[in-house]
Amino acid sequence: MAKAPVLTPRADDFPRWYQDLVTKAELADNGPVRGTMVIRPYGYGLWERMQAEMDARIKATGTQNAYFPLLIPQSYLTREADHVEGFAPELAVVTHGGGKELEEPAVVRPTSEMIINDYFSKWVQSYRDLPLLINQWANVVRWELRPRLFLRTTEFLWQEGHTAHATQEDARAFASHIHRQVYEDFMTNVLAMDVVPGRKTVKERFAGAINTLTLEGMMGDGKALQMATSHELGQNFAKAFNTTYLSKDGTQELVWQTSWGSTTRMIGALVMMHGDDNGLRVPPRLAQTQVVVLAIKGDEPVLAKVRELGDRLRAAGLRVHVDDRTDTPFGRRAVDWELKGVPVRVEVGPRDLENGTAMVARRIPGGKQAIGFDDLVRLVPAALEEDQALLLAQSRERRESRTADVSTFEEAVEAAVAGGWARIPWAVLGAEGEARLAEHAVTVRCLVAEDGSVPSADDAPGNVAVVARAY
């Protein structure tokens, strides 16, 4: 009898495969309150690596980290009408504390524009205080009706950046810099994810913003996932909170602002974009463990060699884990590391010791090869870089092969319903066509220029709408 697969095959049931993988790779479990999640150590390790890479890029812009309260007075949310309308259905409100009813209910932050702007209005006095560049790593709560681990949860982790500038041009340039040099650079060069940078339509724009820039990725089933967004807020919040500065000319001026964020949703994207029927495939530059060195048997010479190789690979600058748990069957451990997507396994047993070689298994392209002990330090780093490039190439090939250029509304819907993306001239689709897409559970993911760049305006000539079903 054929052995049952560890995971539901992706082709049979993609959502079930996703849930199987998140659980069996020990990324997360459902929390006790519907829509919440417990991120397990392996999953949280991925988030820590994402944090480290993102944080370095954010700080390189001159932005500093800070922290703002989880609870926000409910009255704050009434100050910017579009913002409160956009978040009202998702709010969690605290009405009691310390055994009695609160004088004013407090909202558990769905985002922090309101409370941060209250403090910006206190901190900004003159042009010398600008630009003010703040980021925080935090959790937020948005009451989710259809939860799915990492993709849509009531509570999730993220970073949210908030900035204030003297001019609209400065704010626009900063939002664009975050979009391309922070987010796109990270996703392309670390996550090995092919993403499409674009501009959200008015309908899909962040509540309270005058422009939203997005990065959209195609998952393994052809659906789109919004990966990160960067918003120009204009002066909407500055007006609501009277955030002004004394200009060099001695006049009081409103600041121009941005906000931008990325979340633990990126872990879900990692699963759905790179995973296969055997589990995760973690990009080497992201992986908390790039190489696992496994002892096949518990013989002391084998254990000694495994630990020696681990030390040598670490000294070469690799992130290495030595698995010498020989009381657990080797096959079970190998499958576990494959599920977790560790890029390279170096396997050593008594026979390998005699031959002076280790069996090296590469998770991303697949396959095994015997490599001499003395060659590992030279060959493994090169293999990791090859595998990083392969993942990016595969994700790009998937998007390009499953994206159709179309000229009619009907063709756009057909392509999206069939499990791909469509590119259609915005002049053909327009806001009316965008509204009709909802009848087919299809949305405009973003607008791009004809050459693939980010449009300068919603109605710029030649804008193309990228249309898809999405998570």
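Predicted model: local features only at pLDDT ≥ 70, side-chain atom pairs only at ≥ 80, totals over all residues.

Colleague: Okay, what order do the strands have in the open sheet of three strands?

Modeller: The order is β4-β6-β5, and the pairing is antiparallel. β4 (71–73) and β5 (92–97) are the edge strands, each pairing on one side only. On average, neighbouring strands there are turned by 45 degrees against each other, direction ignored.

Colleague: And how many bridges join β5 to β6?

Modeller: Five, with the two strands running antiparallel. For one, G97 has K100 in β6 as its bridge partner.

Colleague: New topic: is β9 mostly covered or mostly open?

Modeller: Mostly covered: five of the five residues in β9 (195–199) are buried. V195, P197 and R199 are on one side, V196 and G198 on the other, and all are buried.

Colleague: Nice. What does β9 pair with?

Modeller: Five bridges join β9 to β10 (211–218), and the two run antiparallel. R199 has L213 in β10 as its bridge partner.

Colleague: Let's jump to the inside. How many residues does the largest nonpolar core have?

Modeller: That core has 54 residues, and those with the most contacts inside it are L27, F150, Y183, M187 and M227. Helix α7 gives the most to this core, with seven residues.

Colleague: So where does that core lie relative to the two domains?

Modeller: Between them, because domain 1 (14–274) and domain 2 (291–385) both give residues to it.

Colleague: What does M227 touch, leaving aside its neighbours within four places in sequence?

Modeller: M227 is in contact with several residues, including M187, V195, L215 and M266. Apart from that core lies another one, of 23 residues, among them Y76, A209, A238 and F241.

Colleague: Last one: what about the open sheet of five strands?

Modeller: Its order is β16-β15-β17-β18-β19, with mixed pairing. β16 (320–323) and β19 (368–372) each have a single partner strand, so one side of each is left without a neighbour in the sheet. Neighbouring strands there are turned by 25 degrees on average, direction ignored. β15 and β17 (344–348) run parallel, joined by five bridges, and A295 stands opposite V348 in β17.

Colleague: Which helices pack on that sheet?

Modeller: Helix α8 (300–315) does, touching β15, β16 and β17, and its direction makes about 170 degrees with that of β15. α9 also packs on the sheet and touches β15, β16 and β17, with an angle of about 175 degrees to β15.

Note on methods: Residues numbered from 1 in each chain as written. Heavy atoms only, no water. Pairing = 2+ DSSP bridges. Helix = DSSP H or I, 4+ residues; strand = E, 2+ residues; numbered from the N terminus. Axes fitted to C-alpha atoms, helices over the stretch in contact; angles between N-to-C directions. Buried < 20%, exposed > 50% of the residue type's maximum accessible area, 1.4 Å probe, protein only. Core = buried A, V, L, I, M, F, W, Y, C linked by side-chain atoms within 4.5 Å. Domains from an automatic or database assignment. Contact = heavy atoms within 4.5 Å.
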